[in-house]
Amino acid sequence: MKIWAMIKKDNELIDDLVVEKNQNISDKELIEECMVEICYHFDIEKPMWLNKNHMEFIKYGRTSFISDNFIDSIYFDRLEIEDISDAD
């Protein structure tokens, strides 16, 4: 699984990262491991993965997290993740 994570503020990309995990574990566990690495890289807390995020990720291969997904305040408007595994 290859995930592209983007931090956006005022509709501008301010930082991004591509994380790739190729382990023999479930997709849910792969996403979880990618999110841990993404949050560590951006030095942010892990967002709450809501049902909306789950449904968007399954249907579209992408989802976004806004301030409502975080307990602490954030320095950006949105964290977007996109599955780019098939992009190669």
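**View 1. Burial and overall build of the protein chain.** Buried residues, those under 20% relative accessible area, make up 36% of the 88 residues in the protein chain. Exposed means over 50%, and partly exposed lies in between, with a 1.4 Å probe and protein chains only. This is a predicted model: local features need pLDDT of at least 70, side-chain atom pairs count only at pLDDT 80 or more, and totals for chains, interfaces and linings use all residues. Residues are numbered from 1 along each chain as its sequence is written, and side-chain values use heavy atoms, with hydrogens and water left out.

The chain has two helices and four strands. Helices (H or I, at least four residues) and strands (E, at least two) are DSSP runs, numbered from the N terminus. From that end on, the elements run β-β-α-α-β-β. The C-alpha atoms fill a box of roughly 35 × 25 × 25 Å, taken along the principal axes. The radius of gyration, taken over C-alpha atoms, is 12 Å, which agrees with the value near 12 Å for a compact globule of 88 residues. That globule rule is 2.2 Å times the number of residues to the power 0.38.

View 2. L79 sits in strand 4, residues 78-83. Its relative accessibility is 0%, so L79 counts as buried. Contact means heavy atoms within 4.5 Å. Leaving out residues up to four places away in sequence, L79 touches A5, M6, I7, M35, I38, F42, I44, P47, T63, S64, F65 and F70. N53 lies 26 residues from L79 along the chain, and their C-alpha atoms are separated by 12 Å. Across the protein chain, 46% of the contacts with a separation of 6 or more join residues 24 or more positions apart.

**View 3. S64 in strand 3.** Which strand holds S64? The residue belongs to strand 3, residues 62-65. S64 is buried, because its relative accessible area is 19%. Beyond residues up to four places away in sequence, S64 touches K52, N53, E56, N69, R78, L79 and E80.

View 4. A disulfide is a covalent bond between the sulfur atoms of two cysteines. Here a pair of cysteine sulfur atoms within 2.5 Å counts as one. The structure holds zero disulfides. C34 is in none, and the nearest cysteine sulfur, that of C39, is 11 Å away. C34 counts as buried at 1% relative accessibility. C39 is also buried, at 5%.

**View 5. E29 in helix 1.** E29 lies in helix 1, residues 27-42. Is E29 buried or partly exposed? With a relative accessible area of 42%, E29 is partly exposed. E29 and C39 are 10 residues apart in sequence and 15 Å apart in space, C-alpha to C-alpha.

View 6. N11 is found in the loop between strand 1 (2-9) and strand 2 (12-20). Its phi is positive, about 60°, although N11 is not a glycine. At 64% relative accessibility, N11 counts as exposed. D43 is placed in the loop between helix 1 and helix 2 (51-60). D43 has a positive phi of about 55° and is not a glycine. D43 is exposed, with a relative accessible area of 68%.
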